[in-house]
Amino acid sequence: MEIKKDIIELIGDASLVEDINFEVSNIIVYTKNRKFFLGCSDLIKTMVSKEKKRIEVRLDPSLLMDEKEAESAITKIVPKEADLKEMWFDRDRSVVSLEAVRPEMITSNNKKTINEIREETGWSVFLSRYPLIKSDVLRAIREMLYSSSKFRRKLLNSIGEKIYNSKFDVNDRYWVRLSALGGFRHVGRSCMLVQTPISTIMLDCGIDVSNSRESVPRIDAPEFDISKLDAVVITHSHLDHCGFLPALYKYGYKGPVYSTLPTRDVMTLLHLDYIALGNKTNTKAMFDVADIKEMLKYSIPLSYREVTDITPDIRVTLHNAGHILGSAMVHLNVGSGFYNILYTGDFKYANSKTLNKADNIFDRVEALIMESTYGGDQDQQPSREDAEQFFLDIITKTVEKKGKVLVPVLGVGRAQELMLLIEEWERFGLMPDIPVVVDGMLWDVTAIYTAYPEFMNTETKKRIIEHNSNPFISPNFKHTVSEEERQQILAGGPAIIIATSGMLNGGPSLSYFANLCEDERNSVVLVSYQGAGTLGRTLQNGGRDVDIELNGKIRHFTVNSLIYSIEGFSGHSDRNQLERYINDIKPKPRKLILDHGEESKIISLSHFMRKRFKIETLAPHVLDALRLK
Ligand SMILES: [Zn+2]
């Protein structure tokens, strides 16, 4: 293979190379020469700049120190302040993964600790953060990945072989095509294909939980052939972007799925929760636990701004989208610069408590596929400050009346954002001294948040990493799981209850709602997008006589609690922020393709953008396909 020959030539001595392996497009050189292994950093720099690929040298597995011995050597080398909790040895890849409460204490001394481990044991080091809140799911995910390391080494290598083995020509017969499989003129089941003469990749693979008729992507489209799908890229862990992914594996997909680490972990948790909810209501999920495990085996994490070839002619880079932890915009460089696409996924072009605003600077962008959830001309969110003050006033007034505040949320995003806000109010003495109930799986998601402060905004990251102070573990946050604990909270005094689902179409928030809604002292605060046909939307529209299905029985309720909607906490950009994004993005795209919005809003936004920026604007329907170039 060409690339392997080039690498050996650059190294200059074939006897130093025992094996060359790929981890997707990264090149791993295994050597039996210890001196070369320890002293090759300058050579690697030259190789990397010549090949424009990431190259890593590891010691051949046969020369690694025995795992038991290495474990005690590493324990001695790693500084105590790092609080090392777990070690996972992957002999096939010569890698040891260290999980520490403060991994920055291992990297802080200019990699001296890491080099010492390499020198003494021969193992190369991967670092990850041990969550501050115990997370069974995170542990199970990591265990599962380590136990399938042989399979994963093969998988990563085979993707690399395919990338480096195939030649392609960008000639006058080359093309790039986009097919809408879901989430166009619709909020929910986001899914699309990008195809070239040699690659097919899928961006997002969601479901619509509020719509039973159009709930899954149109994989019956003629251009979709599951056996020819090369890769899936997931922007973030909300089910309307990833809820159908395990089903894809059930139907026989055997390829990689790329996402950030928080997206991989949180989506796994939400998939498991989705199955559990289905079991409770006796509706069968479209997949089971075995399919989720299969998906995990094929998952490949990417960092923001890490450039990776995923097929011979498609190179992907993820960028911060500012929507929820780990949410990404997907940049595709197709055909070595022939065409560049940016798909925003859900994004927020404003800073929040947890995240920095979405990235807006790219090398090249010809087509921008942009979400439009709040793209209507009436969609002006109040300022963040006004929203915060309004929320605090609702809490204060409700507590004065001895009532409770119920905040229905999606599993991930707003819940953690509100937790940070409440923790800040507590620190400044603005919060009444009441319990803040974080129900069920929201706590598990928050646990995953504590493992990835690197993905948070500059200030929160600094607070957690440099000052070792994690806002998610404030003592006022109470975790409830069982029905008994929920009844205790309901029988007690004032409290804030944060619970899923966000649109009151199921989950614990609905059962809290049924218990609280007839008492006029209580308040319900809707902070997420409310899909058409959901109870949340009915309440927003003024409906106060409602029928709710609980444990298979329909019951009637007259709502006396106060119902509020606060748009200012949204993780989506409103009309002004969408406009500002198009104004600020560099370079300016030639084509704007709108998705993820109700039809009327998409049409209104499309007219507006065309007039305002003189840009070609398209609003495809589901099942439309368009040639981009
Ligand atoms: Zn989302």
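This is a predicted model: local features need pLDDT of at least 70, side-chain atom pairs count only at pLDDT 80 or more; totals for chains, interfaces and linings use all residues.
Reader: Which residue in E20 stands opposite aspartate 439?
Author: E19 (residues 436-439) and strand E20 (residues 477-480) run parallel, joined by 4 bridges. Within E20, the residue facing aspartate 439 is threonine 480.

Reader: Which residues of strand E19 are buried on its two faces?
Author: A residue is buried with 20 or more other C-beta atoms within 10 Å of its own, exposed with 12 or fewer, and partly exposed in between, the C-beta atoms being placed from the backbone. In a regular strand, side chains alternate between the two faces of the sheet. For E19, both faces are covered, by Val436 and Val438 on one side and, on the other, by Val437 and Asp439.

Reader: Which strands stand at the edges, each with a single partner strand?
Author: Here 3 strands form an open sheet of mixed pairing, in the order E1-E2-E3. One side of each edge strand is left without a neighbour in the sheet, because each has a single partner; these are strand E1 (19-23) and E3.

Reader: What is the bridge partner of tyrosine 30 in E3?
Author: Strand E2 (residues 26-31) pairs with E3 in the parallel sense over 5 bridges. Threonine 31 stands opposite leucine 59 in E3. For tyrosine 30, the partner in E3 is arginine 58.

Reader: How many residues of strand E3 are buried?
Author: E3 covers residues 55-59. The strand is largely enclosed by the rest of the structure, because the buried ones among its 5 residues number 4.

Reader: Is arginine 189 buried or exposed?
Author: Arginine 189 sits in the loop between strand E7 (177-182) and strand E8 (191-195). Its phi is near 45°, a positive value in a residue other than glycine. With 28 other C-beta atoms within 10 Å, arginine 189 is buried.

Reader: And is serine 336 buried or exposed?
Author: Serine 336 also has a positive phi, about 50°, although it is not a glycine. Its place is the loop between strand E15 (328-334) and strand E16 (339-343). Since 12 other C-beta atoms lie within 10 Å, serine 336 is exposed.

Reader: Which residue does a cis peptide bond join to lysine 586?
Author: Omega of this bond is about -5°.

Reader: Where is serine 501 found?
Author: The peptide bond from threonine 500 to serine 501 is cis, with omega near 0°. Serine 501 lies in the loop between strand E21 (496-499) and helix H18 (507-516).

Reader: How far apart do the C-alpha centres of domain 1 and domain 2 lie?
Author: The chain is divided into domain 1 (2-61), domain 2 (64-130), domain 3 (166-377 + 572-627) and domain 4 (384-565), with bounds from an automatic or database domain assignment. For domain 1 and domain 2, the distance between the C-alpha centres is 22 Å.

Notes: Residues are numbered from 1 along each chain as its sequence is written. Two strands pair if DSSP finds at least two bridges between them.
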